[in-house]
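Biologist: I have not seen this structure before. Please show it to me, and then I will ask how its labels were given.

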Amino acid sequence: MAFKQNDLAYAKDALEPHIDKATMEVHYEKHHAGYTSKLNNAVEGTNLADKSIEDILKNLDMDNKAVRNNGGGFYNHNLFWDVMSPNGGGKPTGDLAKAIDEAFGSFDDFKEKFSNAAGGQFGSGWAWLCVHPGGRLEICSTPNQDNPLMPGVGCGGHPVLGLDVWEHAYYLKYQNKRPDYVNAFFNVINWEEVAKRYSDGK
Ligand SMILES: [Fe+2]
């Protein structure tokens, strides 16, 4: 069965003014669609074709560039759409809030560390919040379309929040001002979804 982009749970202009409609259109319809079709081409007729994307990434041959780049791009963007919402922003609650305080000291300390990971990723890549078995949280960044499910990449663990810091994710609205984009992202984070991923992944 071919891999398919997650449907967006909101309109492409719904994250305005933080994430603009033109960026959402090209990002979803061109970039993510491209990774998805190239992943499907790369796995077609191989023993990966009937595996889940998480299975593929966890057991990835890192020299398989087509699956590494496009499988990463497929998975990462599906996660990215799902952890944003027009009703997002604010702060997490419950177990996730406690785990953030335990790992980073406070929500503000978490925000600073995550923003530094996003801002400090040289060139294209992603910033991640990951959960390890037992519930410990960790922040890291990865280059290109790599993610922490892949062997030996980033902080390991299971990604619960991801931020795309490729220029294609922000250049139309923010040009070179990546920190402004990172700051705006915090206004649309769907903490309910992140909490669900935290509780499923720990
Ligand atoms: Fe992207």
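Modeller: A salt bridge is a side-chain nitrogen of Lys or Arg within 4 Å of a carboxyl oxygen of Asp or Glu. This is a predicted model, in which local features need pLDDT of at least 70 and side-chain atom pairs count only at pLDDT 80 or more, while totals for chains, interfaces and linings use all residues. Residues are numbered from 1 along each chain as its sequence is written, and side-chain values use heavy atoms, with hydrogens and water left out.

Biologist: Why is the contact of Asp7 and Lys4 called a salt bridge?

Modeller: N and O of these two side chains are 3.8 Å apart, and the limit is 4 Å. The pair of Asp7 and Lys4 is therefore a salt bridge.

Biologist: What makes Asp7 and Lys4 count as exposed or buried?

Modeller: Buried means under 20% relative accessible area, exposed over 50%, and partly exposed in between, with a 1.4 Å probe and protein chains only. Asp7 has 57% and Lys4 has 57%, so both are exposed.

Biologist: How do you know that Arg197 and Asp82 form a salt bridge?

Modeller: Their closest N and O atoms are 3.3 Å apart, which is within 4 Å. Arg197 lies in helix 8 (residues 191-201) and Asp82 in helix 3 (residues 65-82), so the pair ties together parts 115 residues apart in sequence. A helix here is a DSSP run of H or I with at least four residues, and a strand is a run of E with at least two, both numbered from the N terminus. Arg197, at 18%, is buried, whereas Asp82, at 23%, is partly exposed. Asp82, Glu193 and Arg197 are linked in a network of salt bridges.

Biologist: How many salt bridges does a search of the whole structure find?

Modeller: The search finds 9.

Biologist: What makes His27, His77, Asp164 and His168 donor residues of the iron ion?

Modeller: Donors are N, O and S atoms within 2.8 Å of the metal (3.2 Å for Na, K and Ca); water is not among the atoms, so sites may look incomplete. The coordinating atoms of these residues are at 1.9 to 2.1 Å. His27 is in helix 1 (residues 21-43) and His168 in the loop between strand 3 (158-164) and helix 6 (171-174), 141 residues apart.

Biologist: Why is His27 called buried?

Modeller: Its relative accessible area is 2%, so His27 is buried. His168, at 16%, is buried too.
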